[in-house]
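Welcome, and please take a moment with the sequence and the model below. The report that follows walks through some of its helices, rings and loops.

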Amino acid sequence: MHAGFSLYWAFGGQHLLATVGKWAVELSAKAPLEAGLALGAVAIGKLVAAVIPVAVAYGRVPRPKFWRAVAWVGASLLVVYGGVNAVVSGAVLAGLIRPAGGYDVDAMIGHAWLWDPLFFVWGAALMLSLCYSRRPPATMP
């Protein structure tokens, strides 16, 4: 889902872009080619990050132990990043945290209720997949 939206925005789509931040809307207006190239690269990165663990689970990628280790690191980062940012964004929206310079309401809502929870869910799902796709240890004869 993350890769899909990044690709959509790379091709000039605007729906939900404000939930990322005003900077994203301004960049897409001022420098659409640069924004499109950057978002296209982000989309490819997200897609590769989603596909490699599946390919490893099905034995389609060489050096599976290496890629599983990379996936564990990525899953951990996604869970922490998504979880912390969702909680902090929610605390800002609830008035528990008050940024000195104010904040972008659309972006804060997007991060509290959409993008960061999705990062968390992606990481948690990847962790579950890594746990359930583990090969049982070889038995000794």
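Phe 5 and Tyr 8 share helix α1, where they sit three residues apart, about one turn of the helix. Helices here are DSSP runs (H or I, at least four residues), numbered from the N terminus. A word on the source: this is a predicted model, in which local features need pLDDT of at least 70 and side-chain atom pairs count only at pLDDT 80 or more, while totals for chains, interfaces and linings use all residues. Residues are numbered from 1 along each chain as its sequence is written, and side-chain values use heavy atoms, leaving out hydrogens and water.

**Aromatic rings**

How many aromatic pairs does a search of the whole structure find? The search finds seven. Rings of Phe, Tyr and Trp (its six-membered ring) pair if their centres lie within 6.5 Å; planes under 30 degrees apart count as stacked, over 60 as edge-to-face and the rest as tilted. Here are two of the pairs:

| Pair | Type | Centre to centre | Between the planes |
|---|---|---|---|
| Phe 5 and Tyr 8 | edge-to-face | 6.3 Å | 85° |
| Phe 66 and Trp 67 | edge-to-face | 4.9 Å | 75° |

To describe how open a residue is, we use relative accessible area: buried means under 20%, exposed over 50%, and partly exposed in between (1.4 Å probe, protein chains only). Phe 5 is partly exposed at 23%, and Tyr 8 is partly exposed at 37%. In the other pair, Phe 66 is partly exposed at 38%, and Trp 67 is partly exposed at 27%.

Phe 5 and Tyr 8 also belong to one aromatic cluster with Trp 9 and Trp 115.

Which residues of helix α1 (residues 2-10) are buried? They are His 2, Ala 3, Ser 6, Trp 9 and Ala 10. Seen down the axis of α1, these buried residues fall within an arc of 130°, so they line one face of the helix. The arc is that of the directions from the helix axis to the C-beta atoms. The cover over the buried residues of α1 includes α3 (32-57) and α5 (105-132). Just after α1 comes Gly 12, with a positive phi of about 100°.

Trp 9 is also part of the largest nonpolar core, whose five residues are Trp 9, Leu 17, Val 20, Ala 24 and Trp 115. Such a core is a set of buried Ala, Val, Leu, Ile, Met, Phe, Trp, Tyr and Cys residues joined through side-chain atoms within 4.5 Å. Leaving aside neighbours within four places in sequence, Trp 115 is in contact (heavy atoms within 4.5 Å) with His 2, Phe 5, Trp 9, Leu 16, Thr 19, Val 20 and Gly 110.

**Two loop residues**

Most residues other than glycine have a negative phi. Leu 16, in the loop between α1 and α2 (22-30), has a positive phi near 70°. Leu 16 is partly exposed, at 28% relative accessibility.

Arg 63 is not a glycine either, and its phi is positive at about 55°. Arg 63 belongs to the loop between α3 and α4 (64-93) and is exposed, at 58% relative accessibility. Arg 63 also lies over the face of Phe 66, at 4.7 Å from the ring centre. A charge sits over a ring if NZ of Lys or CZ of Arg is within 6 Å of the ring centre and within 35 degrees of the ring normal.

**A serine in α4**

Finally, is Ser 89 buried or exposed? Ser 89, in helix α4, is buried at 7% relative accessibility. Not counting residues up to four places away in sequence, Ser 89 touches Met 108, His 111, Ala 112 and Asp 116.
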